[in-house]
Amino acid sequence: MRLVFLGAPGVGKGTQADRMAAQVGAKKISTGDLLREAVRQGTKLGIEAKGYMDQGKLVPDSVVIGLVRDKLADPTYAKGFILDGFPRTVHQAEELGKVLREQGMQLDRVVNFQVPREAIVKRLSGRRSCPKCQATFHVEFAPSRSGEACDRCQEKLVQRNDDTAEAIETRLKVYEEQTAPLISFYENQGLLSQLDGGGSVETVYQNLTKMLATHKMA
Ligand SMILES: [Zn+2]
């Protein structure tokens with residue numbers, strides 16, 4: 001099973017990728033995790049990535065793709081993987097295509113998680129986290145007992161800067177601009193499936209499994 005999960009921030013694709021990876025014995029690959037791992041291990045690409053991150057700059061595609069290439073060369077990953085939130089641009093998708101061809105692999109399916117904009121804003125803007133123990137809550141879907149303080153350590157909960165309504169609008173706009181061409185890119189290759197990402201985690205997972213069952217997987 002070789003999949004790509006696409007979708008705006010807050011559509012829940014990471015949760016679905018974790019669940020599916022555990023269920024079918026595939027590996028989830030997210031570029032955030034890859035970057036953190038490479039920095040922690042102090043690999044050549046990790047040191048390069050850290051240089052950009054320390055300056056508050058975006059890590060360039062060449063580094064990110066290098067990390068993905070290294071992972072896909074690992075036989076435990078090559079057997080089955082779910083790319084979560086990568087590629088983000090057509091350029092990255094083309095580079096991913098090259099890496100896969102080098103390894104004699106191809107993608108089975110690209111799943112685009114669709115959630116209405118208002119629902120995404122609701123999900124993201126309701127997030128609260130504890131600055132002390134990092135526990136996360138949601139004002140509507142998973143509130144803390146007191147509503148204001150952390151259940152574990154009683155610290156006052158805060159909203160992360162990038163979860164304010166304004167920041168969310170910007171994140172969604174950037175996502176839509178970058179990703180719209182990516183959707184057509186995979187559609188033209190006959191790889192794209194649209195999935196309704198609304199509803200409970202369980203419902204979405206069942207729909208995802210049903211949809212994938214209609215396609216041949218490696
Ligand atoms: Zn706490």
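## Working chat: contacts, zinc site and backbone

Colleague: Which residues does V68 touch?

Modeller: Leaving out residues up to four places away in sequence, V68 touches T31, L34, L83, F86 and L96. Bear in mind that this is a predicted model.

Colleague: Is V68 buried or exposed?

Modeller: V68 has a relative accessible area of 1%, so it counts as buried. It lies in helix 4, residues 61–72.

Colleague: How far apart are V68 and T209?

Modeller: In space, 25 Å from C-alpha to C-alpha. In sequence, V68 and T209 are 141 residues apart.

Colleague: F86 came up among those contacts. What is the peptide bond from F86 to P87 like?

Modeller: It is cis, with omega near -5°. Most peptide bonds are trans. P87 sits in the loop between strand 3 (81–84) and helix 6 (90–102).

Colleague: On to the metal. What coordinates the zinc ion?

Modeller: Four SG atoms do, from C130, C133, C150 and C153. They lie at 2.2 to 2.4 Å. The donor residues are spaced C-x2-C-x16-C-x2-C in sequence.

Colleague: What arrangement do the four donor atoms make around the zinc ion?

Modeller: Tetrahedral, because the angles they subtend are 100 to 123°. The cut-off for that is all angles between 85 and 135 degrees. The ideal tetrahedral angle is 109.5 degrees.

Colleague: Take C130. Buried or exposed?

Modeller: C130 is buried, at 1% relative accessible area. C133 is partly exposed, at 26%.

Colleague: Which backbone detail does Q134 show?

Modeller: Q134 has a positive phi of about 70°, although it is not a glycine. Most residues other than glycine have a negative phi. Q134 sits in the loop between strand 5 (127–129) and strand 6. With 55% relative accessible area, Q134 is exposed.

Colleague: And what about Q154?

Modeller: Q154 is not a glycine either, and its phi is positive at about 65°. Its loop runs between strand 6 and helix 8 (165–188). Q154 is exposed, at 55% relative accessibility.

Colleague: Where is H138?

Modeller: H138 is in strand 6, residues 136–138. It is buried, at 9% relative accessible area.

Colleague: What lies 3.2 Å from a polar atom of the H138 side chain?

Modeller: The backbone oxygen of K122. The backbone nitrogen of F141 also lies 3.1 Å from a polar atom of that side chain. Residues that H138 touches include R123, G126, R127 and P143.

Colleague: New topic. What does the side chain of N112 make a polar contact with?

Modeller: The side chain of Q194, at 2.8 Å. N112 is in strand 4, residues 109–114, and is buried at 8% relative accessibility. Beyond four places in sequence, N112 touches residues including L6, G7, Y175 and I183.

Colleague: How many aromatic pairs does a search of the whole structure find?

Modeller: Two. One is F185 with Y186, edge-to-face. Their centres are 5.1 Å apart, with 80° between the planes. Both F185 and Y186 are buried.

Colleague: Which ring face does R19 lie over?

Modeller: That of Y205, at 4.5 Å from the ring centre. K27 lies over the face of Y77, at 5.5 Å from the ring centre.

Note on methods: Residues are numbered from 1 along each chain as its sequence is written. Side-chain values use heavy atoms; hydrogens and water are left out. Donors are N, O and S atoms within 2.8 Å of the metal (3.2 Å for Na, K and Ca); water is not among the atoms, so sites may look incomplete. Four donors count as tetrahedral if all angles lie between 85 and 135 degrees; four count as square planar and six as octahedral if opposite donors are over 155 degrees apart and all others between 65 and 115; anything else is irregular. Buried means under 20% relative accessible area, exposed over 50%, partly exposed in between (1.4 Å probe, protein chains only). Helices (H or I, at least four residues) and strands (E, at least two) are DSSP runs, numbered from the N terminus. A polar contact is a pair of N or O atoms within 3.5 Å; within protein, one must be able to donate a hydrogen and the other to accept it, and residues adjacent in sequence count only if both atoms are side-chain atoms. Contact means heavy atoms within 4.5 Å. Rings of Phe, Tyr and Trp (its six-membered ring) pair if their centres lie within 6.5 Å; planes under 30 degrees apart count as stacked, over 60 as edge-to-face and the rest as tilted. A charge sits over a ring if NZ of Lys or CZ of Arg is within 6 Å of the ring centre and within 35 degrees of the ring normal.
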